Amino acid sequence: MARSVYVTGIGRGDGRQAVELGVMELLTRQVDRVGVFRPLVHAHAPGEPGSDHVVELLRNRYRLDLPTTELYGLTYEEAAALQAAQGQDELVSALVDRFRELERRCQAVLVLGTDFADTNIPDELAFNARLANEFGAWVLPVVGGHDEDPQAVIAEVRNAHRAYRDLGCSILAMIANRVAPGAKQQIQRTLAEKLALPAYVLPEEPALAAPTVAQLVEATGAELLLGDAAGLARDVRGFVFGGAMLPTFLTALTEGALVVTPGDRADLVIGSLAAHAAGAPPIAGLLLTLGQHPGPNVMALAARLAPGTPVAVVPEGSWLTAAALTHLEGKLTQASPRKAEIALGLFELHVDTAELTSRIELSRSERVTPMMFEHELLERARAARRHVVLPEGAEERVLRAAEILLRRNICDLTLLGEPDAIRRKAAALGITLPQEGGDQAQVRLVDPATSPLRQQFAELYAKLRAHKGMTVELALDVVTDVSYFGTLMVEQGIADGMVSGAVHSTAATIRPAFEVIKTAPGAAIVSSVFFMCLADKVLVYGDCAVNPDPDAQQLADIAIQSAETAAQFGVEPRVAMLSYSTGTSGSGADVDKVRKATELVRELRPDLLVDGPIQYDAAVDAQVAATKLPGSEVAGRATVLIFPDLNTGNNTYKAVQRSAGAVAVGPVLQGLRKPVNDLSRGALVQDIVTTVAITAIQSQNEGTAS
């Protein structure tokens, strides 16, 4: 039977979506077949089956391979009709039947309780409690603390605990959400004293409560005149209603505000966008009232001043528009992935996830899916937070990745580049880089050209490269290059690792590392691996990115390094030295190189399981292995696959990635004294996040926290 968690509440406005997302993250770290079930859902229209934005977010984010229809029980209208005709027992029985259908296909199920919004369910709390009991699920009640004083929050949590306990529920923990940040510690202490089970307190996070521009456009039925996807994803942190003359109006602008003004006020439209372009301050966008469209010249200037910034128009005046905007709050949807990352960061920072996981009592799957591997990387990086420098600080993908890394508390960051330019770019993308300190990961913005470290780094680099004729005067220019500056930060222990390559070439990224950091003791060369995340396991491929044609000695070194990297990341190393023949069946220079490399690995590391020469099919397929290399401890079970040259390795990893749908994580550089990793110039945001996490984990083994 699957282990289920039923997240519910006691009313509206509790911000439960962040908790639901956090619990889903915990479940998917442990098992690979997780379901989500919404017993009751609102219909889109009378007679139509409904869907829910949280369910759809979870289904897509966690790649749930389940039919959408199995994730829902009944619509509220169907439930009301069934209860009226046959009673609540029949309604509960129907919902249990639907739940069991899904449960049979899953190892764990997250159940999303009713939303207390126009549900027509008498005693909704008791109804949720009964469903949880019938499902055999843990109950995780969430109590909202928005605009409540500490004593009121404490009382509501205790009352909710008593209510669910008295109804026979197995309570996993209690959560107070959206509390005033200054009241968190007091509430946490009191609940720890008063309750005999875990209680977690999550502070209000304005970025979650803030609606996006897209949500406001949808809610008001506005016509979008200008704006791209990034602009529409910006959070609206306030409103400024324009009526004053421009000089007075500009002083009222605040960061992240939506400007609401009549469409015929060209001065305010252009003034707002000019202020945004200058970063003083960056706004969320403009909403024009009275159905007035600015003239074509004004719109052309607006598009040039602040490309991507949303400008929309509504037919109503300011008063009705203000009334429509007042009570809108942000919500987690597929269209707001930033909010999902912020919610997860909040949950992971304030909830003891290890304690919660242990109480759910899930046994970890033997299979390791790509998502589980990525989760493990983030958890390990977060466990001993490190400091990583990102030289390409103003690059959009890097900024988006940086926000995720900081919000999820994965590592501290330094972004290199001109600070004002980075801030303007972040504001234009609607990105917030938290810098509040405390337990939260922090970011520094550093311009190599003006940094106080420039002189120190120039002297160090000149000393290191004196044999090449380098002088301090020349080095002062060299170290303003972000790749060199970032590498020198790592060398001096100011940062623990560096990740670059989203814009820069591989050579530009790793050349400074060769010159400054150099190879680790015992490593003959620098090489690389890819973690190939297949449907049910993770394989390690080396070297697919750095060394074109290694000799036998170098190939042996690559194999040993790759085995050590595999072990470092939880993959038990069984090393296959690949060739076009298996065992003694072939001969020739290429096969002999692999055979000699295999012998060298056995001599240097007799503790490693290694076999070769071996063909790929014999290395990974047990049936082929039984025929071609019977008795081998590696054949058919290989986890580390070493290719004889770059041509073979690079093409193979790309073929497996594209044809088998594998997730390729890397390249991960190995053999350097301190971690520096290169990105593909086509890297996605998630690729950058994963590579930074890997770099942080590598630095943990170096013991160089800064």
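Aspartate 592 and arginine 595 sit 3 residues apart, about one turn of the helix, both in helix H25 (residues 589-604). Helices here are DSSP runs of H or I with at least four residues and strands are E runs of at least two, numbered from the N terminus. The two side chains form a salt bridge, with the closest N and O atoms 3.1 Å apart; that term means a side-chain nitrogen of Lys or Arg within 4 Å of a carboxyl oxygen of Asp or Glu.

A quick word on the source: this is a predicted model, where local features need pLDDT of at least 70, side-chain atom pairs count only at pLDDT 80 or more, and totals for chains, interfaces and linings use all residues. Residues are numbered from 1 along each chain as its sequence is written, and side-chain values use heavy atoms, leaving out hydrogens and water.

By the salt-bridge rule, the count comes to 38. Arginine 408 pairs with glutamate 348, their closest N and O atoms being 2.8 Å apart. This pair links distant parts of the chain, 60 residues apart: arginine 408 is in the loop between helix H18 (396-407) and strand E14 (411-416), glutamate 348 in helix H15 (residues 337-350).

Aspartate 412 bridges to arginine 385, with 3.3 Å between the closest N and O atoms. Aspartate 412 lies in strand E14 and arginine 385 in the loop between helix H17 (370-383) and strand E13 (386-390), so the pair ties together parts 27 residues apart in sequence.

Here is how accessible some of these residues are; buried means under 20% relative accessible area, exposed over 50%, partly exposed in between (1.4 Å probe, protein chains only).

| Residue | Relative accessible area | Class |
|---|---|---|
| Arginine 408 | 2% | buried |
| Glutamate 348 | 11% | buried |
| Aspartate 412 | 17% | buried |
| Arginine 385 | 27% | partly exposed |
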